[in-house]
Amino acid sequence: MSLDVAGAEKKKVLLAEGLLLPASMVLVQAFTMGALLLSKLAFNVGMAPFVLLAYRNLIGSMTVAPFAFYFEREMMKKVNMKIFGWISLTALFGIVLAMGLHYYGLRATNAGYSVDFLNLIPVVTFVTAVILRVEKLRIGTCPGKMKVLGTAICVGGTMVISMYKGKLLHLWPTHLLKPHLQAMGAVSPVQNHHSMLLGTLFLAGSTLSYAFWFIIQVRVSKEFPSKYFSTMLACVSGTVQAAVFGLVLDRDLSAWALKWDLQLLVVVYSGVFNTGVSFCLISWAIARRGPTYPSMFNSLSLVVTTVLDSVLLGTDVSVGSLLGAMLIILGLYAFLWGKGKEAQEQRKQIRAATSGDQNGCPTAVAGNGVDSLQVGKHEVRIRVEVS
C-alpha cells in the first residue's frame, strides 16, 4: 500500500515538473524579450550602453548574493587570486565584450534584428570549439552531420537577413509607443539604421565573445565548481570593468545619474529578472533536462520580439528578415537535435564505463567538449566532459 502511495506521489511530482519546466523556460524568454525592448527604448532616449551594463550587473550580483551565501557559503574559502583572475576573464568575455557589444549593436539596429544573433550563439560556440580543438566534429555520425547541416543553415539565414531586404511588409496600422517616444525626444529608429553595418559587426562580435565565454567556462568549472558564487563574483567584476570602459569612452558623469524614469526601470528589470531570476530558472532546467533544453525555446523570443518590435516601436519587417529568421530557427533545431543525440550517446558511454568499472572490466570512453546554449541568457556555465 505504501509503495502505491509513493508511486502516486512521484507521478504527481513528475507531472508538476513537466508543466513547470516548459512554463519556466517560456518565462525566461519573456524576460529576454522584455529586456531587449526596454533596452532599445532606453538607448533611444540617450542611455549609454556601458552605464546600463554596469548597473545591471550590480543589481544582478545583489540578486544572486543571497543564494550564493546560503547554498555555497563554503565556496568563499576557496576564492584566491587565481580563481578571481579566471572569473574576471569570464566577466570580460561574457559581460563586458559579449553584452557590451550586443548593446551597441542593439542601439545601432533594432530588437528584432539583434535577437537573431542571440539564436546563433550555440552554433558559433560549436564552430569555435571545433576550430580550437576543444570539441571534435564527428562528421561520420548522424548527429555530427545534423550539427554541421544546422550550422550551415544558420549561416545562410544570417546572410539572408544581412544582405537581402526584399519587400517591406506593413502589417500593422499603427505603432503603439512611437508617438510617446517622439514626445520624449527619442532618437528615431530610421536615423539609427544608417549604421546597420556597424551594428551587424557589433552583434557578430558579441556572438563570438559569447562563444569564447562558454569555452573559458569549461576551465572555470574545473577550477571553481560553483554556480551562484561564481556568478555573483562575475557580476561584481563585470560591474567594475563595465564602469571603467564606460568612463573611458564617455567622461560625462551626468550620464551615470539615475532618476525615477525609464532608465531606472530598465536597470532594475534587467538586473533582477534577466540576470538573477533567469539564471536560477535556467540552472534548474539544465539540472533536470540537460543543457540543450533551454535553447529549444529560443525561437519563441525571436518570433515574438520581431512582432513586438514592429508593433510597439514601428521597426520595418521585410521579406528578407522573415525568411532569414525562419532559416535560423530551422538550423538551430537541426543543430540542437544533433547535440542532444550526442549527449545521449555520451551518457550511455558513461553508464557503460561505470558498469564496466564495477565489474572489474574498464571501458574506454572518448570525447570531450563544450555544450553551448543561448540564453539571455547569459549567466549559465556548462561543461560536458567525458573521460
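**Close-up views of a predicted model**

View 1. Leu 323 counts as partly exposed, because its relative accessibility is 36%. The structure shown is a predicted model. Leu 323 belongs to helix H13, which covers residues 319-358. Together with Tyr 164, Val 319, Leu 322 and Met 326, Leu 323 makes a nonpolar surface patch of about 430 Å².

View 2. Thr 128 is part of helix H5, formed by residues 121-131. Is Thr 128 buried or exposed? Its relative accessibility is 8%, and therefore Thr 128 counts as buried; the cut-off for this class is under 20% relative accessible area. When neighbours within four places in sequence are left aside, the residues in contact with Thr 128 are Leu 208, Ala 211, Phe 212 and Ile 215.

**View 3. The salt bridge between Lys 82 and Glu 223.** Side chains of opposite charge can pair when their charged atoms come close. Five salt bridges are found in a search of the whole structure. In one of them, the side chain of Lys 82 meets that of Glu 223, with a distance of 3.6 Å from N to O. Lys 82 lies in helix H3 (residues 81-108) and Glu 223 in helix H9 (residues 196-223), so this pair ties together parts that are 141 residues apart in sequence. Lys 82 counts as partly exposed because its relative accessibility is 48%. Glu 223 is also partly exposed, with a relative accessible area of 27%.

**View 4. The salt bridge between Glu 342 and Lys 147.** The side chains of Glu 342 and Lys 147 form a salt bridge with an N to O distance of 2.8 Å. Glu 342 is in helix H13 and Lys 147 is in helix H6 (residues 142-163), so the pair ties together parts that are 195 residues apart in sequence. Are these two residues buried or exposed? Both Glu 342 and Lys 147 are buried.

View 5. With a relative accessibility of 35%, Arg 219 counts as partly exposed.

How values were computed
Residues numbered from 1 in each chain as written. Predicted model: local features only at pLDDT ≥ 70, side-chain atom pairs only at ≥ 80, totals over all residues. Heavy atoms only, no water. Patch = residues over 30% accessible without salt bridge, like charges linked within 9 Å, V, L, I, M, F, W, Y side chains within 5 Å. Areas by Shrake-Rupley, 256 points an atom, 1.4 Å probe, with all protein chains shown as cover. Salt bridge = Lys/Arg side-chain N within 4 Å of Asp/Glu carboxyl O. Helix = DSSP H or I, 4+ residues; strand = E, 2+ residues; numbered from the N terminus. Buried < 20%, exposed > 50% of the residue type's maximum accessible area, 1.4 Å probe, protein only. Contact = heavy atoms within 4.5 Å.
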